[in-house]
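Thank you all for making the time this morning.

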Amino acid sequence: MNYLHSIGEYFLMLKGTFHRMTKGSVLRGLILKELDDLIIGSMGIVAFLSFFIGAVVALQTALNLNNPLIPKTLIAYAARQSIILEFAPTFISIIMAGKVGSYITSSIGSMNVTEQIDALEVMGINSLNYLIFPKIIAMLFYPFVIAIAMFLGVFGAYAAAVFGGFVPPDLFVQGLQEDFIPFHLVYAFIKTFLFAFILATIPAYHGYYMKGGALEVGEASTTSFVWTSVVIIITNYAVTQLLLS
Amino acid sequence: MIEVENLHKGFDGEEILKGINYTFEKSKTNLIIGGSGSGKSVLLKCMLGLLTPEKGIIKYDGKPYSEFTEDEKKDLSKQIGMIFQGGALFDSMTVEENVMFPLRMFTHRKKKKQNLERVKEVLKRVNLEGSEKKLPAEISGGMQKRVSIARAIVNRPKYLFCDEPNSGLDPKTATVIDQLIQEITHEYDITTIIITHDMNSVLEIGEKIAFLKDGVLAWKGDKSQIFKTDDETVVDFVYSSNLFQKVREAQQKGL
């Protein structure tokens with residue numbers, strides 16, 4: 001029953017987020033701030049992780065290619081497919097559930113325990129719209145982060161495979177272009193948009209409806225990370241089943 | 001003026017407010033006192049519209065809150081100032097931005113200059129000139145309370161709600177905050193409602209006092225009456241501190 005109650009509360013929160021809009025000029029400032037905090041602030045860790053994940057995928061493939069009959073182009077092909085289809089959109093989103101999700105839960109949760117949300121409501125401001133809507137809009141730019149993650153992942157794979165002496169550059173590029181299906185990119189970005197929405201709203205829900213003090217803010221952040229990850233994994237499965245199978 | 005009629009509110013089957021009837025008068029400091037769990041904060045939240053009562057009527061200047069349209073509720077919220085127990089200042093904003101916030105939300109961008117002047121005026125009123133660019137974390141608890149007061153009055157409210165405005169402050173600063181609230185109440189001619197269990201505040205600014213016990217209005221009067229009453233529940237509460245007990249003993253001995 002608790003789960004059902006939480007799911008209902010989550011959808012009511014979404015409904016509340018999109019009505020009684022905050023003043024445009026204020027909202028613009030909030031969106032820019034969230035863009036800086038959620039998107040620009042995540043670029044460093046995303047770039048670092050993507051590069052090394054790409055490199056490790058290429059290394060693992062190269063090290064396990066013992067059969068001389070299997071072409072070396074497979075290293076690039078395997079790296080491209082795994083990075084575009086899963087590592088960039090899904091793996092990075094799980095990492096972001098920890099980074100961005102915890103930030104959203106703890107910032108809204110802290111406002112909750114220090115009565116700042118009550119202060120907004122007393123002033124006649126729709127606190128759901130004021131706090132959550134700018135985060136949703138900022139997260140619409142999340143696919144750009146994933147696009148950069150894809151590029152850097154492939155670049156990392158290239159660096160590891162070519163500079164590690166596993167495959168010549170021309171064969172790597174040939175492998176990258178082999179059997180490329182453009183719809184795979186469309187699939188990756190469709191799920192990225194869904195993940196972006198999940199990343200903005202589930203942590204916000206956990207922060208907004210938490211009860212207690214500073215300790216509970218920490219607990220809410222952990223719970224939010226778990227549930228955001230779970231929902232991302234389930235959504236990933238559902239979208240893959242719908243679009244690729 | 002705010003009238004509360006037969007107000008009931010409960011949580012999880014437990015009744016917290018059990019039919020409160022009371023009138024909070026204009027241009028007076030109306031104090032709600034009572035022990036922890038007596039329903040003071042719930043009553044305040046019901047009046048602010050943060051909680052919906054199960055039964056009863058809350059009237060703002062004669063009009064029931066339940067009959068307010070969405071636009072009227074929005075207009076009403078512009079006429080309400082609130083001082084929270086912990087200040088509830090936005091910690092990412094400076095003192096000036098915090099005080100400016102209600103004006104920025106409801107006035108046109110072109111009025112920025114007038115808004116800034118108003119912010120300066122209220123900061124001067126609460127003796128906080130020179131702290132405009134500081135963050136809440138960089139100022140003392142007493143100063144934070146004064147910023148909170150400045151933010152509450154910047155929109156020239158008709159109603160001022162204070163939730164334990166001097167909790168966590170030293171007695172001297174608490175008296176300063178109490179006096180400031182009382183001065184503002186008379187100066188702006190507003191209805192001020194203060195929740196407190198600090199008897200010094202009662203002595204200082206208790207122009208009208210409502211005593212709640214277990215969700216019931218157990219006693220009402222003013223600061224001159226509360227120290228003379230024979231009502232057992234009020235006497236128990238008022239003289240629960242050693243200091244006030246000694247004062248009572250001295251009074252009884254005619255000292």
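In what order do the 6 strands of the open sheet in chain B stand? Before I answer, please keep in mind that what you see is a predicted model. The order in this open sheet of chain B is β6-β7-β8-β3-β9-β10, and the pairing is mixed. At the edges stand β6, residues 80-83, and β10, residues 216-221, and because each of these has a single partner strand, one side of each is left without a neighbour in the sheet. If we ignore direction, neighbouring strands of this sheet are turned against each other by 20° on average.

Let me stay for a moment with β6 of chain B, whose partner is β7 of chain B, residues 159-163; the two strands run parallel and are joined by 4 bridges. To pick out one position, I83(B) has C162(B) in β7(B) as its bridge partner. Across both β6 and β7 of chain B lies helix α5 of chain B, residues 141-153, which runs at about 170° to β6(B).

We can now turn to chain A, where there are 10 helices and 0 strands, and where the C-alpha trace spans about 70 × 40 × 35 Å along its principal axes.

Next, the aromatic rings. A pair of such rings is described by the distance of the centres and the angle of the planes. Over all chains the count comes to 22 aromatic pairs, and I would like to show you one of them: the rings of Y158(A) and F172(A) have centres 5.3 Å apart and planes at 85°, so this pair is edge-to-face. Since Y158(A) belongs to helix α7 of chain A, residues 142-163, and F172(A) to helix α8 of chain A, residues 169-177, the pair ties together parts that are 14 residues apart in sequence.

Finally, which residues lie nearest the centre of the largest pocket? They are E121(A), G49(B), L50(B), L51(B) and T52(B), out of a lining of 41 residues, and the space in this pocket comes to about 1500 Å³. The elements that each give two or more residues to the lining are α4 (73-113) and α5 (116-122) of chain A, together with α1 (40-48), β4 (55-60) and α2 (70-78) of chain B. The largest share, 6 residues, comes from α2(B).

Note on methods
Residues are numbered from 1 along each chain as its sequence is written. Chains are lettered from A and ligands numbered from 1 in the order in which they are written. This is a predicted model: local features need pLDDT of at least 70, side-chain atom pairs count only at pLDDT 80 or more; totals for chains, interfaces and linings use all residues. Side-chain values use heavy atoms; hydrogens and water are left out. Two strands pair if DSSP finds at least two bridges between them. Axes are lines fitted to C-alpha atoms, for helices over the stretch in contact, and angles run from 0 to 180 degrees between N-to-C directions. Contact means heavy atoms within 4.5 Å. On a 1 Å grid over the protein atoms alone, a cavity is a set of points where a 1.4 Å probe fits but cannot get out, and a pocket is an open set with protein on both sides within 12 Å along at least five of seven lines; lining residues have an atom within 4 Å of a point. Grid points are joined across faces, edges and corners, and a volume is the space filled by probe spheres set on the points. Rings of Phe, Tyr and Trp (its six-membered ring) pair if their centres lie within 6.5 Å; planes under 30 degrees apart count as stacked, over 60 as edge-to-face and the rest as tilted.
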